[in-house]
Amino acid sequence: MTPATETFVRFLTGHSGCILSLYRDENGLFVRKTSGSHEYNKRLEKQCIKQRLAGGDNFSTPAVLRAGYDKNGLFYFDMQFLNCQSMDKYFKTIKMGTIPAIVANLFRAFPIETAIDTDASDQIGAKISELRSKIKEPSPNVCTALDMLMRYDFSDLPQSACHGDLTLENIMISDDGKIYLIDLLDSFFNSWIIDIAKILQDIDLHWSYRHGKMDANLALRLMVAKEEIFKNILSMNNGTKILADIYHILLLNVIRIYPYAKDDVTFAFLDKALEKVFKQIKDLQ
């Protein structure tokens, strides 16, 4: 049920294909996320449920206030407005000495499990085949990447709860250091490995910064964050193999962007990103 006194404030920027709007009612500000199409309704419903159930001692998600369908038959849900800063912006000013603690907090938020409940090979293989059909004129680097992915053994990829799109833009931090995760998505396979790969898409490949200038201080902070992520992974049993899993999923993430790329900046980013992932995988062998 929508508040009787709600007032539209403005639209917000989003990247999920949904409409994000800021509203105000008698209790203050809140955010409404509305499906971009009737076909997306079921997917957004699942995301709403996922957001309601997520959260723990080390991170929170915006509280879901209500959900329903609007007059156009589009699913929406209203959520708590967060007065926070996204992690991609936070990294531009963060003190270097606080980076290890932030990375440690993120790792405590992951449901890291070693049990292998489901063989991921079929699901990931289907995704790779789908990409082969979508990319009509693949470059030599894309062909190399697809062949590497087809040869890789994903059978022991751990299954767990995951965010689904854990970019730095979707990690929010409050003034008191509390971490919030936003824009949880359903994933073709659920694993904390996929979340780490998505974070490295920003921290190592600089996806969220591709349209801006990468200054030396930001690059240094991101490099320190990458080193801390590696340190956490390599401290685990079979840490090198886990890192190899992560970078092959990261390779898949990069390839998944190609069918939607439209501008030269994005294509240049993707080509450079593939070469960087190739080198990292080679270094791990």
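Buried means under 20% relative accessible area, and exposed means over 50%. Keep these cut-offs at hand for the exercises below, which use a predicted model.

**Exercise 1.** Decide whether phenylalanine 11 and glutamine 47 are buried or exposed.

*Solution.* 
- Start with phenylalanine 11, which is part of strand E1 (residues 7–12).
- Its relative accessible area is 57%. Exposed means over 50%, so phenylalanine 11 is exposed.
- Now turn to glutamine 47, found in helix H1 (residues 41–53).
- Its relative accessibility is 1%. Buried means under 20%, so glutamine 47 counts as buried.

**Exercise 2.** Find out which residues glutamine 47 touches, leaving aside those up to four places away in sequence.

*Solution.* 
- The neighbours are Lys33, Tyr40, Leu184, Leu185 and Asp186.
- With tyrosine 40, the side chain of glutamine 47 makes a polar contact of 2.9 Å.

**Exercise 3.** Describe helix H7 (residues 216–234): its span, its N-terminal end and its buried residues.

*Solution.* 
- Span: H7 has 19 residues, and from first C-alpha to last it reaches 27 Å, close to the 27 Å expected at 1.5 Å a residue.
- N-terminal end: aspartate 215 caps it, with a side-chain oxygen 2.9 Å from the backbone nitrogen of asparagine 217.
- Cover: the buried residues of H7 are covered by elements including helices H3 (99–109), H6 (192–203), H8 (239–257) and H9 (264–284).

Methods. Residues are numbered from 1 along each chain as its sequence is written. This is a predicted model: local features need pLDDT of at least 70, side-chain atom pairs count only at pLDDT 80 or more; totals for chains, interfaces and linings use all residues. Side-chain values use heavy atoms; hydrogens and water are left out. Helices (H or I, at least four residues) and strands (E, at least two) are DSSP runs, numbered from the N terminus. Buried means under 20% relative accessible area, exposed over 50%, partly exposed in between (1.4 Å probe, protein chains only). A polar contact is a pair of N or O atoms within 3.5 Å; within protein, one must be able to donate a hydrogen and the other to accept it, and residues adjacent in sequence count only if both atoms are side-chain atoms. Contact means heavy atoms within 4.5 Å. The expected span of a helix is 1.5 Å times one less than its number of residues.
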